[in-house]
Amino acid sequence: MAPFELAVCGTMVLLIISVFKYALASQRPKDFPPGPPCLPIIGNLHQIPLRKGFLRWQEWGKEYGNIIGFKLGPKNAVVLNSYRHVKELFDKRGAKYSSRPESYVNGELLCPNEIHILFASYGPKWRALRKAVQMFLNAKAVDALHPLQVAESTQTMCDLLDEPSNYYDHIRRYSTAVILASVFGQRGASFQSPKVQALYRVEDRFTVILEPGATPPVDAFGFLKYIPEFLSPWKIEAREIRKEQSLLYHTLLNETKDRIQRKISPPCFMQKVIEDQEKNNFTPEQMAYLGGITMEAGSDTTSSTLLAFVLAMAQHPEILKQAQKEVDRVCGIDRSPNFDDIEKLEYVHCCMQEASTGIVKTLRWRPIAPGGIPHMLTEDDSYEGYFIPKGTIVFYNAWAIHMDEGEYDSPEKFEPARWLNNKFGCKSTADIDDDHRRTTYSFGAGRRVCSGQRLAQNSLMLNMAKMVWLFDIRPDSLESLDMDIGSGFTDGIIVAPKKVPIQFVPRSNQHARIIRDELQGSQDLFATYE
């Protein structure tokens, strides 16, 4: 047989073996959780939308139950649509369920060498990064940021007075400014400032490319990684994001180092990281990404939640009026709310619990990460008679959990009163005495739950209280409000309302004058970050 014929025969044999291998691997394991029928080789990949896959998982839950097994090509995957399953697997069995799936896009193109704490596997590198972040986000350190949060929220209210049509940018600036100052000791005075613009530009691209379906199933079919870049625009996009992200984070780190050396930097998180570099054995890249990731996590989540709150207030004037009545009773009209008032604002706190983020009770109505961040099982496990093999990718569907009609009355409705005298906001017949139950799963679960919830709660309560004290919030028209998570919110692993016309009308000239006077009192604090 000629060499060419031998080569052709060999190639055919390898192709047949590969097809047979993938066909076997795409079959459902024995005793796997129920789920949709799968096709040979591709499994259920053809049934998962490129955007907002959590909505399909919610549909599957109605047919197959709240724990669903499916196939991503040869990869096993499970979705948890009930808090009870998340509690049992992620919280109680965290040692098995706390790692991340191996990812070519995350691990090689975007964040090599496990520099990103969100995607690092469960192990020593992740623990070191987590320890450093928790040092910054402990209760004492977070509460020391109260003056900064008051000053930045006051500027945001004045920005809304001056340019109400740009509310979307003003709110996004606030969350970035607080994190930029507290992490890097630098000021973000305007949404148009280069650093704020750079962060949101790279973050918007980053969250979109990370959504399941945004790139080909390269982790299921490894040969896809070898397709040339000119045929793989997603590779080009990932490398551009990596380059832009790295440049931003290293620039911020180097500027902070320079400010510290010149003794003009206020105390900030990165100052401590720089001082402890040798002790923690962090590389310059790990340090840059530790600061950048902390900033990105606090920016998107807080601003997305505040924007959802604005949308809810515009749609529900009766809820806004009730919140204003409470704030007026506590603060009067001679000053805006501050941190001393927060514990007295029970109804505003209920609004936050319904629409936003906090230590334990929030983000029910519009969770910011509705599809969750996937975990990976590191050893075989059995649960409720099902077998879940090692390596299974496990998603917790925060959207389905928060929209569970068995747990909540009219879950799609924005109803802060559900939280009055009910720490979970659930039906009276639900298991409200469950010590292991969380009130939200928007910030993760188990050992990878987000560490920054206290900081976020402080920002949200302060801004929501000041906003309802100062403004009547109205839509241009009710028809312009798109509250649907599918059409009215952005794509990506972090979602936010799309911008719609909203009116911010000051409740009186006196309210406006007071907030401007309070802003003048913040100028000395701002100067320390310039």
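Which residues does Ser82 touch, not counting residues up to four places away in sequence? In this predicted model, where local features need pLDDT of at least 70, side-chain atom pairs count only at pLDDT 80 or more, while totals for chains, interfaces and linings use all residues. Residues are numbered from 1 along each chain as its sequence is written, and side-chain values use heavy atoms, with hydrogens and water left out.

The partners of Ser82 are Asn66 and Ile401, contact meaning heavy atoms within 4.5 Å. Ser82 sits in the loop between strand E2 (75-80) and helix H3 (83-91); helices (H or I, at least four residues) and strands (E, at least two) are DSSP runs, numbered from the N terminus. Ser82 has a relative accessible area of 5% and is therefore buried (buried is under 20%, exposed over 50%, partly exposed in between, with a 1.4 Å probe and protein chains only).

Turning to the helices, the axes of H14 (residues 284-315) and H15 (residues 317-331) come within 5 Å and cross at roughly 105°. Axes are lines fitted to C-alpha atoms, for helices over the stretch in contact, and angles run from 0 to 180 degrees between N-to-C directions. H14 is therefore roughly perpendicular to H15 (65 to 115 degrees; under 35 is roughly parallel, over 145 roughly antiparallel, the rest oblique). Met313, Ala314 and Gln315 of H14 meet Pro317, Ile319 and Leu320 of H15.

Finally, Cys450 lies in the loop between helix H17 (398-402) and H18. Cys450 is partly exposed, with a relative accessible area of 30%, whereas 17 of the 18 residues of H18 are buried.
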